[in-house]
Amino acid sequence: MSESLLEVKGLKKYYPIHKGFFKSAQGLVKAVDDISFSVSKGETFGLVGESGCGKSTTGRALLRLIEPTAGEIWFEGQDITKLSMEEMRKRRREMQIVFQDPFSSLDPRNTVQRILEEPMIVHGTGDAGQRRAAVERLADVVGLAKAHLQRYPHQFSGGQRQRIGIARALALQPKLIIADEPVSALDVSIQSQVINLMQDLQQEFGLTYIFIAHDLSVVKHICDSVAVMYLGRIVEITDKNKLYAEPQHPYTQALLSAVPEPDPDIRKERIILQGEVPSPANAPVGCAFHTRCPQVMEVCRKARPPLMENKAGHLTACHLYDGEAHPRLA
């Protein structure tokens, strides 16, 4: 088994709801509600779910771009939630992010040369000549020409901008990259180019990815293991082959039933979920999914199911498996 690079324990991110003239707190939006998982060195860990389930909030909390409400984030054996802002700034050299929108995540006033060089300047890496050489190599690695370095973001296509974003994330030679829906804003033909580029870079530099997405076909292609999120909670974790071959949680089954099948002769039964996703400001008691679950039981309305391992390497938070499940070993 590979050595763990990142361990997340009981991560929470709550936002207070302020109402009234004095803006007093009237409740909480539980964007991320007590999740735990681990990521091994060199793997691609997928985080999937519907829009608004807390995927992007989780990614930003892992880098402390937003401060977690509670929980522990262990990176290479160090709990980074305990670090000061200056210590975290230094640690962030090894933890970078590729943002979802390649149009708004690049400064329109700076050239590509400046965008790629800025992380090195901030962290005091090399002199001007060394930084220039590093920027030219980064551009070459992600498939950009040297002439592109003097252009501005608006002069590039969406796919090229995302390549710039990936190059910026690589500038400080990180160990972990959080890719927040890096291809969702791109055309399908460009998506495959960016995904193949990310896989090539992973092999070349020994990177570890947390790949946040809602497109399960993309996740199947690039990820090694997958965590499924619903309403701020993780409902299932396993490797991708087990997840796609034998999904256990009713929510995962519904998600996978909606993935288009490339073979027109294959017919699969679509699971249509009833109702709307509840608000994270007023999450249901018990299992968060029970208001839409086709297999709901009375216990689902009362008790929150823990994330448990009922098959080797397959964790599910569902009362359907209570009889055969045993707690995950620490």
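**Entry 1: ground rules**

Two strands pair if DSSP finds at least two bridges between them. Strands (E, at least two residues) and helices (H or I, at least four) are DSSP runs, numbered from the N terminus. I am working on a predicted model, where local features need pLDDT of at least 70, side-chain atom pairs count only at pLDDT 80 or more, and totals for chains, interfaces and linings use all residues. Residues are numbered from 1 along each chain as its sequence is written, and side-chain values use heavy atoms, with hydrogens and water left out.

**Entry 2: strand 3**

I began with strand 3, residues 44-48. How many of its residues are buried (under 20% relative accessible area, 1.4 Å probe, protein chains only; exposed is over 50%, partly exposed in between)? I found five of the five buried, so strand 3 is largely enclosed by the rest of the structure. I then sorted its residues by direction. T44, G46 and V48 point one way, while F45 and L47 point the other way. The residues on both sides are all buried.

Next I looked up its partners. Strand 3 runs parallel to strand 8 (residues 208-213), and five bridges join the two. Within that pairing I noted F45, which stands opposite I210 of strand 8. Strand 3 also runs parallel to strand 9, this time with four bridges. Here L47 stands opposite A227.

I followed A227 into strand 9. This strand covers residues 225-230, and six of its six residues are buried. One side carries S225, A227 and M229; the other carries V226, V228 and Y230. I saw that both faces are covered.

Which strand pairs with strand 9 in the antiparallel sense? I found strand 10 (residues 233-239), paired over six bridges. A227 turns up again here, with I237 as its bridge partner in strand 10. Strands 9 and 10 form a hairpin, with two residues between them.

L231 lies in the loop between strand 9 and strand 10. Its phi is positive, about 55°, although L231 is not a glycine. I wrote down the general rule beside it: most residues other than glycine have a negative phi. L231 counts as buried because its relative accessibility is 6%.

**Entry 3: E181**

I looked for another positive phi. E181, also not a glycine, has a phi near 45°. Where does E181 sit? I placed it in the loop between strand 7 (176-180) and helix 6 (188-205). Its relative accessible area is 7%, so E181 is buried.

**Entry 4: K55**

K55 belongs to helix 1, residues 55-62. Is this lysine buried or exposed? I found K55 buried, because its relative accessible area is 4%.

What does its side chain reach? I noted the backbone oxygen of G49 at 3.1 Å. The side chain of K55 also reaches the backbone oxygen of E50, at 3.2 Å.

Four strands form an open sheet in the order 2-1-4-5, with antiparallel pairing. Which strands are at the edges? I found strand 2 (24-40) and strand 5 (78-79), each pairing on one side only. Strand 4 (residues 70-75) joins strand 5 through two bridges. In this pairing W74 stands opposite D79.

**Entry 7**

A cavity is a set of points on a 1 Å grid over the protein atoms alone where a 1.4 Å probe fits but cannot get out; lining residues have an atom within 4 Å of a point. Points are joined across faces, edges and corners, and volume is the space filled by probe spheres set on them. I counted one cavity of 30 Å³ or more. The largest cavity holds about 60 Å³. Its lining includes H249, P250, F289, Q295 and C293. By class I recorded eight nonpolar, three polar and no charged residues (Ala, Val, Leu, Ile, Met, Phe, Trp, Tyr, Cys and Pro are nonpolar; Asp, Glu, Lys and Arg charged; the others, Gly among them, polar).

I finished on C293. C293 sits in the loop between helix 9 (250-257) and strand 11 (308-311). Its relative accessibility is 16%, so C293 counts as buried. From C293 to E7 I noted 286 residues in sequence and 30 Å in space, C-alpha to C-alpha.

How values were computed: 1 Å grid on protein atoms, 1.4 Å probe; cavity = no way out; pocket = protein on both sides within 12 Å on 5 of 7 lines; lining within 4 Å. Polar contact = N/O pair within 3.5 Å; in protein donor to acceptor, adjacent residues only side chain to side chain.
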